[in-house]
Protein chains: 2
Amino acid sequence: MDIESYFTEFGARNWEPPADDSKVRFAIVGCGWFAEEFALPAIGRGDHCTATVLVTGDAEKGSRLASEHDADHVVGYDEFKDGTASDSYDAAYVSTPNALHLEFVEAAAELGKDVLCEKPLEVSAGRAERMVDACADAGVTLMTAYRQQTEPGIRHMRELIQDGIIGTPVYAIGDFSITLLGRDADADQWRLDPDLAGGGSLVDIGIYPLNTLRYLIDEDPVAVQAETKTSDDRYEGVEEHITFQLSFPGRMSAAVASSYGASLDDTFVLIGTEGKLEIDPAFFPEAERTFHLERDGTTLTLDGGETTGIDEEFEYFASCVLTDTAPDPDGADGLVDVRTIDAIYEAAESGERVELSD
Amino acid sequence: MDIESYFTEFGARNWEPPADDSKVRFAIVGCGWFAEEFALPAIGRGDHCTATVLVTGDAEKGSRLASEHDADHVVGYDEFKDGTASDSYDAAYVSTPNALHLEFVEAAAELGKDVLCEKPLEVSAGRAERMVDACADAGVTLMTAYRQQTEPGIRHMRELIQDGIIGTPVYAIGDFSITLLGRDADADQWRLDPDLAGGGSLVDIGIYPLNTLRYLIDEDPVAVQAETKTSDDRYEGVEEHITFQLSFPGRMSAAVASSYGASLDDTFVLIGTEGKLEIDPAFFPEAERTFHLERDGTTLTLDGGETTGIDEEFEYFASCVLTDTAPDPDGADGLVDVRTIDAIYEAAESGERVELSD
């Protein structure tokens, strides 16, 4: 890629949406904070997306959201499983608590619907495998909602890294932290329920550096070590902080931290034999993503502009469905992360290095 | 500290040199690359330092350096131990290969000389303990040559962190990497000899994020995990890469990487409950050190200017000696790092978390 093309192509898609104005009609399964604040507005802005069915246990909220977003139907969770309004949507966006993903993805797959499932796919590798199998058996698309993988800047960066722009990747350091609970925050939320969430900061935010690194270097970890820490009683059963390290095939390794109890931060640095990639800020949605590439003493700073990661995520999924293309962040990709997360928790529990087998 | 004082005080010393023009006369024990390129010029620029005796096994090089730096004596290693020219110096700067530090520090201490010893103090905790004991028994000052701890910017940052500028520290991520061996580099150097170096990238460069973090937060690790990797035969017996994590008392933890086989990098990020400190570049000598403090959505960027870390290191040591003040990076400080390094290697070897006891 020549230098001029960075200006013209860096922020551009490297995939083709449908040429016509066809749309994927979504059932939104779980209408919590993220669906309301991020997913429904993104779908509303999409050229190839529309939200037609809202699945929620809160009929009143469902009515309000349906009115705000021009959705046709509000159905309950059991109704969804029974196939209510199934003629009115083509795909399900599953954004329930993590431990409920499997049952709704299975239901959608049985109805022949394509699925965009939030990360992590599920709360254990066994359950994530069942999800992947259910979608494969039904012949439906399963995409894991890794918005990073649909951001043009990160997609181009992956190509550059695969082309050797920083030489052979040697190690990464990264973090993702938020203050989930302020002093007076409501601790009554599913992210703090170990049965529903399947974990703490790792499954919610630490998964971003994990998946983004795997995507950029196109390698999966072969061993992990980890330690969890919790300093606040409200996090009982889900870790507040986690520090983990990943060993990849060859020389590559990574050191990562994530926290629910720290000041906002999302740093990502990848060092190779010949150069460096820094993404800053790396993971927050609707942020001004900046990429710094260093090589031979020169730094190339690429401003990704404000990310449209969530808009892109839905458009990318819809385009994959409409053009019969397999998405990059497929079910197998999501499953690798859940297996890695299981191993990270096992390593933290035992204090021992845990190997990941194929 | 009010905002104006940052401009006037940030780059200033927070310790007092002697008011007179007294000088510490140094014997330079080991005249390798670092002594020649960095230490002797720094001593030459110092107000309270002078190099009077050069200790080397290479008489010809010693003569050349003595001539260039106005040193009075060139003596061999055995002569130094025997007390040759001991009336001509007050303190020894020991910059031999790591595994030789103990014998020369012991010799200096027995001669009643104060000691500035390069990091790591020695190649095992047992040997470092003997060194610390020898200096205590002789009543001489022992300072570990951690130049970070003498940089005004880092010293002020430590005060701000202790004052709570980022709240309670929660975690750090950091790295330090260099390309030690280019394609045609000479692998015949003591850093690649496990007996002389006592380790690879960790003891040489990974020790910087370790010590700087300990200094900034004023805590010592209580447990470690680690993994080493070596992808190049020339590093046989000393690790090329290491990834390690540190657990501190309370909620604090850290994830660190260091490498001899990667593109230059030295990133340091410390996240607290209320804010963030980033030092960039963090560890290279004679670099333009920049400090970014973030809190409540505002970033304060403090330009430390080009570091004078090595000049400051010698002036600080000399001032401590001349004013009878205990240095911050004393022998006990250096010993904690050697104990931690021992534990990190044990953890890497076993794949298990290793606890550090007092």
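In what follows, a residue counts as exposed when its relative accessible area is over 50%, and as buried when that area is under 20%. Keep in mind that this is a predicted model.

**Exercise 1.** Work out whether A:Asp303 is buried or exposed, and say which charged patch it belongs to.

*Solution.* 
- Step 1: find the residue. A:Asp303 sits in strand 15 of chain A, which covers residues 298-306.
- Step 2: check the area. A:Asp303 has a relative accessible area of 53%, and the cut-off for exposed is over 50%, so A:Asp303 is exposed.
- Step 3: On the surface, A:Asp303 gathers with A:Glu286, A:Glu288 and A:Glu306 in a patch of negative charge.

**Exercise 2.** Take strand 7 of chain B (residues 169-179) and find how many of its residues are buried, then trace the strands it is joined to, including strand 10 of chain B.

*Solution.* 
- Step 1: count the cover. Of the 11 residues in strand 7 of chain B, 10 are buried, so the strand is mostly covered.
- Step 2: go for the parallel partner. Strand 10 of chain B (residues 253-259) runs parallel to strand 7 of chain B, with 7 bridges joining them.
- Step 3: turn to the antiparallel ones. Strand 12 of chain B (residues 268-272) is held to strand 7 of chain B by 5 bridges, while strand 11 of chain B (residues 261-265) has 2 bridges to strand 7 of chain B.

**Exercise 3.** Name the bridge partner of B:Ala172 in strand 10 of chain B, and the residue opposite B:Ala172 in strand 12 of chain B.

*Solution.* 
- Step 1: in strand 10 of chain B, B:Ala172 is partnered by B:Ala254.
- Step 2: in strand 12 of chain B, B:Leu270 stands opposite B:Ala172.

Notes: Residues are numbered from 1 along each chain as its sequence is written. Chains are lettered from A and ligands numbered from 1 in the order in which they are written. This is a predicted model: local features need pLDDT of at least 70, side-chain atom pairs count only at pLDDT 80 or more; totals for chains, interfaces and linings use all residues. Side-chain values use heavy atoms; hydrogens and water are left out. Patches are made of residues with over 30% relative accessible area and no salt bridge: like charges are joined within 9 Å, nonpolar side chains (Val, Leu, Ile, Met, Phe, Trp, Tyr) within 5 Å. Accessible areas come from the Shrake-Rupley method with a 1.4 Å probe; for residues, only the protein chains shown count as cover. A salt bridge is a side-chain nitrogen of Lys or Arg within 4 Å of a carboxyl oxygen of Asp or Glu. Lys and Arg count as positive and Asp and Glu as negative; His and the chain ends are not counted. The place of a charge is taken as NZ of Lys, CZ of Arg, CG of Asp or CD of Glu. Helices (H or I, at least four residues) and strands (E, at least two) are DSSP runs, numbered from the N terminus. Buried means under 20% relative accessible area, exposed over 50%, partly exposed in between (1.4 Å probe, protein chains only). Two strands pair if DSSP finds at least two bridges between them.
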